[in-house]
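Please find below my note on the model under review.

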Amino acid sequence: MYDSRVILAADELTLDQCLGLAFKIGKRVHAIKVHNVFDLQGPSVVARLREAGAQRVWVDSKLNDIPNTVRLRAKAIANSGADILTVHASGEIEMMMAAVESNVLVEIFAITVLTSLSEEQAHLLHGHPSKAAALYLARLAKLAGVHGIVCSPKEVGILAKRPELKGLKFITPGIRSAGKDAGDQQRVDTPAAAIKAGATHIVIGRQITQASDPVAALEKLEEEIAGAEIATQGRGKS
């Protein structure tokens, strides 16, 4: 499989649009993340995306319920052939463990603090600043045995440095190249900043999906990432 740091967020797209993107760049991105098209079209979407070219399909389910309900829903999503699904870390350890134990073939990513929340909103909701809240939730997720955590680029720098979180993937949505519209996200940053801070994967949506040439948009993004990787490697050798 092609080793890419980019996860494509296929939000608000029709099935045909998702399939078209999978055909054009599915083999060049780490995964294609879907939610509403999965809800509208059903589990067969996963197989169709894979057939069109997607290396992996992430069903962004954001499960958050009692452990047994999460276990059943996670198993049902896994049975669709999905490679990745998400849970809310705020559901606590037992709930996340239920998702992890539902199917060993699926990666579970735990969402910490939503990137759509401003710093003030995050503080009001979680009772702590976003960095402290994300660290607390990430520690719970690690204890539960998840494979990765989803956090904003504003928190990934702290989380990626924590020794107790070693081994986790750090996935950052809220990524926009310089000059691009932040859309409905609040705590955002550039691809280069996220990679330098410690993100293992970045989630990109409209910058690619709304581009007149998605392939060219992805190639430009890959250039930014490559530059950040070189800078990070150079810093590590100094």
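1. Contact here means heavy atoms within 4.5 Å. On that basis, and leaving aside neighbours within four places in sequence, valine 87 is in contact with Lys62, Leu63, Val70, Met95, Met96, Ala99, Ile108, Phe109, Ala110 and Ile111.

2. The model is predicted: local features need pLDDT of at least 70, side-chain atom pairs count only at pLDDT 80 or more, and totals for chains, interfaces and linings use all residues. Residues are numbered from 1 along each chain as its sequence is written, and side-chain values use heavy atoms, with hydrogens and water left out.

3. The protein contains 11 helices and 8 strands (DSSP runs, numbered from the N terminus: helices are H or I of at least four residues, strands E of at least two).

4. Of the 238 residues, 51% count as buried (under 20% relative accessible area, with a 1.4 Å probe and protein chains only).

5. A nonpolar core is a set of buried Ala, Val, Leu, Ile, Met, Phe, Trp, Tyr and Cys residues joined through side-chain atoms within 4.5 Å. The largest such core has 70 residues, of which Leu49, Val87, Met96, Val146, Leu159 and Ile208 touch the most other members. Helix α7 (residues 130-144) supplies the largest share of this core, 8 residues. A second, separate core of 10 residues includes Ile7, Trp58, Ile171 and Val203.

6. Among contacts between residues at least 6 apart in sequence, 65% join residues at least 24 apart. The C-alpha atoms fill a box of roughly 45 × 45 × 35 Å, taken along the principal axes.

How values were computed. Buried means under 20% relative accessible area, exposed over 50%, partly exposed in between (1.4 Å probe, protein chains only).
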